[in-house]
Amino acid sequence: MQKIVVAGGGYAGLGAIGALQKLQDAEIILIEPGSGHQLIPELPEALAKHGSIDNHVVPYDSLLAETRVKYIRHYVTNVNVERRVVCLDNKDEVSYDWLVLATGSEPAMPPIPGLRDVAHTLRDAHDARKIKNELQYGKEQRVAVIGGGLTGVEVAGMLAEDHDVILVEAFDRLLPALGLGLSQYAYRRLIAAGVTVVMGQKLVRVNPPRIELEKDHYEYDVLIWAGGITPPKWIKTTELPLNVAGYPLADAYGQVLPQIFVAGDLWHVVIDGQEIPATAQLAAIAGNFVGDTIISRITNDGSPGPAFRPRLRGMLISLDEGQGVGWVLHGGIPVRGFSARTLKNISFQQYRLKLSKIFDRPWPLLEPRD
Ligand SMILES: Cc1cc2nc3c(=O)[nH]c(=O)nc-3n(C[C@H](O)[C@H](O)[C@H](O)COP(=O)(O)OP(=O)(O)OC[C@H]3O[C@@H](n4cnc5c(N)ncnc54)[C@H](O)[C@@H]3O)c2cc1C
């Protein structure tokens with residue numbers, strides 16, 4: 001019987017397990033430190049006044065109750081390639097025949113003086129709880145959000161109704177992953193919602209209660225850093241080959257070494273010379289792909305199969321609880337306003353439905369195990 005270990009129960013890890021469950025005769029082990037699958041793209045809305053973080057975390061006990069997946073609640077800290085074992089934070093080792101590393105990414109925080117001491121990041125439910133504990137809902141509190149990409153824009157938009165928000169972006173436009181027209185739309189919506197948007201200036205120092213930009217400075221009560229992602233620290237201490245950005249060096253199948261694959265944010269996907277932005281959608285597709293690839297290697301059907309070419313269904317960004325912006329369908333049809341926000345909500349619900357189908361659990365997946 002083949003033993004398949006999946007490290008990380010996020011979008012990619014569960015995508016892989018979803019595929020691997022098709023293998024009748026395999027032992028599947030999930031190693032994951034958290035108690036629940038975090039619906040990370042939904043976290044910005046959990047920060048809004050009536051949002052609840054618990055509504056965006058699906059307990060693994062319940063999710064995996066009807067499966068034969070064994071869930072070990074620990075961190076993977078290293079991989080011993082020669083002995084084919086993963087090392088855990090409690091010093092245990094778990095052997096594998098096949099290994100999927102899907103432990104996600106970490107917020108990238110440059111060495112800007114003062115930043116690390118006071119800024120929040122938003123990468124998981126734990127971060128969201130810490131931010132929420134500091135937020136007071138009334139227009140007086142000043143929230144500074146640094147970074148005008150997907151996370152920064154969504155957080156700024158969600159907090160605008162109950163806070164005095166300033167959004168700072170070093171480049172001269174928001175949301176560089178979208179076309180110019182859509183990023184200008186997002187800018188106008190945020191301004192209309194009362195957000196102060198400062199573009200074209202870098203943050204150079206945090207000197208509480210002030211953020212100092214290249215030219216201007218502003219006072220804040222809560223500071224949120226949304227300046228991109230980086231590979232997790234633990235991966236750098238392994239003997240796995242890494243690319244220049246510090247991610248495991250994977251081929252077009254997500255394979256790093258003969259029995260080791262990566263998926264999700266940990267797989268730095270470049271296709272035809274173009275980097276594909278790390279998203280939950282990409283992670284879920286990649287996890288599934290890697291799971292299927294392992295099945296075909298095990299069943300030894302002789303063909304390496306097609307290389308990874310994800311068919312993305314769109315990219316949608318919330319601008320507040322009722323508005324959004326982005327594109328849908330493979331050709332990239334722009335959408336904005338209420339329709340974009342509605343489509344984003346539908347995509348969240350579709351993901352939950354998919355999970356409930358894969359793991360045979362009742363909708364909406366939030367009930368504790370009975
Ligand atoms: C605020 C925010 C909003 C976003 N919005 C969107 C959006 O609207 N649409 C979209 O497509 N994407 C969005 N993203 C990006 C998306 O969340 C990520 O790309 C996606 O979660 C990556 O999936 P993953 O499975 O690789 O990692 P994750 O979902 O982060 O899962 C990683 C899992 O690994 C576990 N883990 C960590 N370290 C270890 C370890 N050492 N050993 C074992 N397990 C470990 C973690 O506990 C976690 O459960 C957003 C991200 C953020 C932060």
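**Notes on the model**

1. The side chain of Thr293 reaches the backbone oxygen of Phe289 at 2.8 Å, a polar contact in the sense of a pair of N or O atoms within 3.5 Å, where within protein one must be able to donate a hydrogen and the other to accept it, and residues adjacent in sequence count only if both atoms are side-chain atoms. Thr293 is placed in helix 9; helices here are DSSP runs of H or I with at least four residues, strands are runs of E with at least two, and both are numbered from the N terminus.

2. On the basis of the numbers, this is a predicted model, in which local features need pLDDT of at least 70 and side-chain atom pairs count only at pLDDT 80 or more, while totals for chains, interfaces and linings use all residues. Residues are numbered from 1 along each chain as its sequence is written, and side-chain values use heavy atoms, with hydrogens and water left out.

3. Thr293 is buried, with a relative accessible area of 6%, where buried means under 20%, exposed over 50% and partly exposed in between, with a 1.4 Å probe and protein chains only. Leaving aside neighbours within four places in sequence, Thr293 is in contact with Tyr253 and Phe261, contact meaning heavy atoms within 4.5 Å.

4. The ligand is surrounded by 31 residues, the closest being Ala12, Glu32, Val76, Asp265 and Lys344; a residue counts as near if one of its heavy atoms lies within 4 Å. By class, this shell has 17 nonpolar, 10 polar and 4 charged residues, with Ala, Val, Leu, Ile, Met, Phe, Trp, Tyr, Cys and Pro taken as nonpolar, Asp, Glu, Lys and Arg as charged, and the others, Gly among them, as polar.

5. The protein covers 88% of the 990 Å² of accessible area that the ligand has on its own, as given by the Shrake-Rupley method with a 1.4 Å probe. Helix 1 (11-20), helix 6 (150-159) and helix 9 (280-299) are the elements that give two or more residues to the shell, and helix 9 supplies the largest share, 3 residues.

6. Tyr11 and Ala12 are among the buried residues of helix 1. As 10 of its 10 residues are buried, helix 1 is largely enclosed by the rest of the structure.

7. Asp265 lies in the loop between strand 21 (260-262) and strand 22 (270-271) and is buried, with a relative accessible area of 14%. The side chains of Asp265 and Arg123 are joined by a polar contact of 2.9 Å. Not counting residues up to four places away in sequence, Asp265 also touches others, including Gly104, Ser105, Ile229 and Tyr247.

8. The assignment, which is automatic or from a database, gives domain 1 (2-106 + 230-312 + 345-358) and domain 2 (107-228). Their C-alpha centres lie 29 Å apart, and 19 residues of domain 1 are in contact with 18 residues of domain 2. Both domains give residues to the shell around the ligand, so the ligand lies between them.
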